[in-house]
Amino acid sequence: MHGTAPKASLTDPDAAETVQVWDLPLRLWHWLLAVLVLIAWVTPNIYDGLHRTAGYAILGLLAFRLIWGVIGTRHSRFRSLPARLRATPAYVWNLRRGKTGRYLGLNPAGTAMQLVLLLVLIVSAVTGAMQVTVRFFGVWWVEDTHELTSYLLIPMVVLHVAGVVLVSRLQRENLARAMLTGRKLLRRTSQPAVRREADS
């Protein structure tokens, strides 16, 4: 398939190949969302107009991600969510012993973090939009829910980044760079097997 052919060094027989995993729309979504969340988090009560604009943009990005999770490319789809979530406890347990396995798409812990982050972001963005409507302006549970989920995002983002750093070190692969280039390592047989299950 175009854009997914492995690449490898022609001079080093032990060099690791790379394979296209993350498509361009997903990569743009990921980094744009990160920037907008940061803007939204630091601007409330200071630059309210910018805060609202960032919030509406986040809502649009979340809507795109839900659609792309159904019609997008293989590793963007949500179809493998149930299986990965069931595997999360065992994956986290093995991670304590430095065992990560090899996944082309998100590993089970990354899948669980993705789901929780999306849910918290959806609640935060929706309640934020509700706050500026006539019907819900000043309603305590809307304000409290928006504030709580907004504060929850920070430790969750820190945990997400820490997980990326940890797995990158254990697998000797720069996962942040993979989200920039879209390509991940496809190691030779001397390395742990890459999991290639459908929609992984």
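Visitor: How many aromatic pairs does the count come to?

Guide: Ground rules first: this is a predicted model, and residues are numbered from 1 along each chain as its sequence is written. Local features need pLDDT of at least 70, side-chain atom pairs count only at pLDDT 80 or more, and totals for chains, interfaces and linings use all residues; side-chain values use heavy atoms, with hydrogens and water left out. Rings of Phe, Tyr and Trp (its six-membered ring) pair if their centres lie within 6.5 Å, and they count as stacked with planes under 30 degrees apart, edge-to-face over 60 and tilted for the rest. By this rule, the number of aromatic pairs is four.

Visitor: What kind of pair do Phe 64 and Trp 68 form?

Guide: Their ring centres are 5.5 Å apart, with 20° between the planes. That makes the pair stacked.

Visitor: And where do Phe 64 and Trp 68 lie?

Guide: Helices (H or I, at least four residues) and strands (E, at least two) are DSSP runs, numbered from the N terminus. Phe 64 and Trp 68 are four residues apart, about one turn of the helix. Both belong to residues 48-71, which is helix H2.

Visitor: Is Trp 68 buried or exposed?

Guide: Buried means under 20% relative accessible area, exposed means over 50%, and partly exposed is in between (1.4 Å probe, protein chains only). Phe 64, at 28%, is partly exposed. Trp 68 has 18% relative accessibility, so Trp 68 counts as buried.

Visitor: What sort of pair do Phe 136 and Trp 141 make?

Guide: Here the centres are 6.2 Å apart with 80° between the planes, so by the plane-angle rule the pair is edge-to-face.

Visitor: Which ring does the charged end of Arg 65 sit over?

Guide: A charge sits over a ring if NZ of Lys or CZ of Arg is within 6 Å of the ring centre and within 35 degrees of the ring normal. Arg 96 does this over the face of Trp 93, at 4.4 Å from the ring centre. For Arg 65, the distance is 5.6 Å and the ring is that of Trp 29.

Visitor: Which elements give two or more residues to the nonpolar patch?

Guide: Areas are Shrake-Rupley values with a 1.4 Å probe, and for residues only the protein chains shown count as cover. Leu 38, Trp 41, Val 42, Tyr 151, Ile 154 and Val 158 make up this surface patch, with about 590 Å² of accessible area together. The contributing elements are helix H1 (24-42) and helix H5 (140-171).

Visitor: What is the relative accessible area of Tyr 151?

Guide: Tyr 151 is one of the patch residues and its place is in helix H5. Tyr 151 is exposed because its relative accessible area is 53%.

Visitor: Which residues does Gly 182 touch?

Guide: Gly 182 is in the loop between helix H6 (175-181) and strand E3 (183-186), and it is buried because its relative accessible area is 0%. Its C-alpha is 5.6 Å from that of Val 21, although the two are 161 residues apart in sequence. With contact meaning heavy atoms within 4.5 Å, and not counting residues up to four places away in sequence, Gly 182 touches Val 19, Gln 20, Val 21, Trp 22, Arg 27 and Arg 177.

Visitor: What is the phi of Asn 45?

Guide: Asn 45 is in the loop between H1 and H2, and at 74% relative accessibility Asn 45 is exposed. Arg 172, in the loop between H5 and H6, also has a positive phi, near 55°. For Asn 45, which is not a glycine either, phi is positive at about 65°.

Visitor: Last one: in what order do the elements of the protein chain run?

Guide: The protein chain has six helices and four strands. Of its 200 residues, 38% count as buried. From the N terminus on, the order is β-α-α-α-β-α-α-α-β-β.

Terms used:
Patches are made of residues with over 30% relative accessible area and no salt bridge: like charges are joined within 9 Å, nonpolar side chains (Val, Leu, Ile, Met, Phe, Trp, Tyr) within 5 Å. A salt bridge is a side-chain nitrogen of Lys or Arg within 4 Å of a carboxyl oxygen of Asp or Glu.
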